[in-house]
Amino acid sequence: MAKGTIKKVSGPLVVATGMRDANMFDVCRVSDRRLIGEVIEIHGDEASVQVYEETAGLAPGEPVESTGAPLSVELGPGLMGSIYDGIQRPLAEIMKQTNSNLLARGIEVPALSREKVWHFVPTAKAGDHLVGGDILGTVQETHIITQKIMVPPNTEGDLKSIQEGDFKATDTVAVLKLADGTEKELTLIQKWPVRRERPYVKKIAPDKPLITGQRVIDTLFPIAMGGVAAIPGPFGSGKTVVQHQLAKWAEADVVVYIGCGERGNEMTDVLNEFPALKDPKTGYSLMERTVLIANTSDMPVAAREASIYTGITIAEYFRDMGYSVALMADSTSRWAEALREMSGRLEEMPGEEGYPAYLSSRLAQFYERAGHVVTLGSEGREGTLSAIGAVSPAGGDISEPVSQATLRIVKVFWRLDSELAYQRHFPAINWLSSYSLYLDSLGKWFDSQTDGEWMKLRGQMMRILQQESELNEMVQLVGMDALSAPDRLTMEAARSIREDYLNQNAFMDSDTYTTLEKQHLMMKLILAYFDKGNEALKNGATIDSLVKLDCREDIGRYKYTDIEKIHEEYDRIMKNLESGIREALDKSQE
């Protein structure tokens, strides 16, 4: 272990001499206060250490000691429902020990409790030959999540002994005899360096959507399980609220939410809301399948840079068990700002807008850790990790470097529009400038769930919205009355799609989440009005009579229908639509 002394302090950057034996990314303890830091640059015997705590009061001459190990996270029972800072310090435990809401400097608290007892049930037996990723046994961590205790990667041997019982996280539960004859004791905890991707056998092309219950996403711009998406938008357009909705409702087994440099009040909302929310699938608290990384804007900037790696390493661990994991990073722009600040203090050559030249490669390294994989182990389990990152471009200008670098990597782009947000349209995702590159691979799955109709209905809705955009220019010049009857019907159908289908009420239980089945019936109702209306126009009906049909209000209110009554209500509205069209035709013939 290298031991040196502080030569220079520049904000969160400390330069230490006498560190010739240190390695890149070694964790260091800085000064007698034992602040935690990480080596990010080495010149001769000088090392630049990025300190993850407040450096006020440090002075040249104070000691710096390298631990000889990279920044790592503890993986094991106790993760679920926990709230960590950017370097996996348990905030609730620290608050108990310090009796303070403020993070004390130099405090050392293990990420996973050393006192809590877990019941371990073996699934392997003595004499089994095990490889990295094989499951030793299980621990029922919460009502929802069963944690599978796995053999660490790059480990192989014969199981000498294993026992069922109640254990603390650091107790030995099994002994593995390795090929060289040595014995390795296995506990409930693994450690893994955060900057290194956890290994897997192979990646598979995603072929199933991550259902979110948000209609504009599921219908128009779906994300695959194991896919990557970006949500860029200006201040106040609802990025954080959309991510909250996805964390609450996305059909993932495990959610990892990273508040990276976001405002403290937004993280407070998450901390207050999630424990009170019932998981729709199980009826238990949502926190029982959630891990929160809270690194708010008032916390040390260097820890912000580490937070997304901490979060994705925890997400990979649950993916390796065969779970579907959804990771929310809010926001990668704040993470890039931390990267820029550290780069400036290192006096590196700045790239565009002062960001370091390696911004794109760092973003790619993060997003590429998502995917649908065959995990390690002889079982051939499959797990998925979907990554959804918010981007906060200054002034909403997505031509800035972080947005552009992100767009080159992700396959789904949900562009948030401040005008829609100010009109109280939620989610404020612009349907004309967003896209999903997963549509081709997911189309077959959607069609298989809906008698082959989904992609056809989706395509028709997109065409109507596109036509509305083109007709709007004419309406602004000459007014709605100057449009032909079919064009007016297109405008009415587009308004119904926008206001009744794409706009959701996040505060209403019947509308905050919509099943695929209900989305399918909603699409059919709106497009039935459009198709039958066009047919009626050809047979002589007037556009005014079609616009004033009573059933249009029922179509608009169908989204508030309870899930048990959707088929009954659908049949009623469809009958009213057909009788209304007949009446309109009869009036036109009188």
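This is a predicted model: local features need pLDDT of at least 70, side-chain atom pairs count only at pLDDT 80 or more; totals for chains, interfaces and linings use all residues.

Trainee: How does helix H12 pack against helix H14, and at what angle?

Mentor: One begins with the directions of the two axes. Helix H12, residues 485–502, and helix H14, residues 516–538, meet at an angle of about 170 degrees, and their axes are 10 Å apart. An angle over 145 degrees counts as roughly antiparallel, and H12 and H14 are therefore roughly antiparallel to each other. The crossing of H12 past H14 is right-handed.

Trainee: Which residues make the contact of H12 with H14?

Mentor: On the H12 side, the contact residues include Leu489, Thr490, Ala493 and Ile497. H14 contributes, among them, Met522, Ile526, Phe530 and Leu537. By class, the residues of this contact comprise twelve nonpolar, five polar and two charged.

Trainee: How is the packing of H14 with helix H17 to be read?

Mentor: H14 and H17, the latter spanning residues 566–589, pack at about 5 degrees with axes 11 Å apart. An angle under 35 degrees counts as roughly parallel, so H14 is roughly parallel to H17. Residues of H14 including Leu521, Leu525, Tyr529 and Lys532 meet residues of H17 including Tyr570, Met574, Leu577 and Ile581. This contact has twelve nonpolar, two polar and five charged residues.

Trainee: Is threonine 490 buried or exposed?

Mentor: One consults the relative accessible area, where a value under 20% counts as buried. Threonine 490 has 6% and is therefore buried. This residue lies in helix H12. Apart from neighbours within four places in sequence, threonine 490 is in contact with Ile464, Gln467, Leu471 and Phe530.

Trainee: Where is lysine 248 placed, and what does it contact?

Mentor: Lysine 248 is in helix H3, residues 239–249. With 14% relative accessibility, lysine 248 counts as buried. Leaving out neighbours within four places in sequence, its contacts are Glu273, Phe274, Leu277, Leu286 and Arg289. Lysine 248 and glutamate 273 stand 25 residues apart along the chain, and their C-alpha atoms are separated by 9.7 Å.

Trainee: Which peptide bonds are cis, with what omega values?

Mentor: Two cases may be examined. Aspartate 330 and serine 331 are joined by a cis peptide bond, with omega about 5 degrees. Serine 331 is in the loop between strand E22 and helix H6. The bond from phenylalanine 426 to proline 427 is also cis, with omega near -10 degrees, and proline 427 is in the loop between helix H9 and strand E26.

Trainee: Where does aspartate 451, with its positive phi, lie?

Mentor: Aspartate 451 is not a glycine, yet its phi is about 55 degrees. The residue is in the loop between helix H10 and helix H11. At 75% relative accessibility, aspartate 451 counts as exposed.

Methods:
Residues are numbered from 1 along each chain as its sequence is written. Side-chain values use heavy atoms; hydrogens and water are left out. Axes are lines fitted to C-alpha atoms, for helices over the stretch in contact, and angles run from 0 to 180 degrees between N-to-C directions. Helices (H or I, at least four residues) and strands (E, at least two) are DSSP runs, numbered from the N terminus. Angles under 35 degrees count as roughly parallel, over 145 as roughly antiparallel, 65 to 115 as roughly perpendicular and the rest as oblique. A crossing is left-handed if the near helix is turned anticlockwise from the far one by less than a right angle, and right-handed if clockwise. Contact means heavy atoms within 4.5 Å. Ala, Val, Leu, Ile, Met, Phe, Trp, Tyr, Cys and Pro count as nonpolar, Asp, Glu, Lys and Arg as charged, and the others, Gly among them, as polar. Buried means under 20% relative accessible area, exposed over 50%, partly exposed in between (1.4 Å probe, protein chains only).
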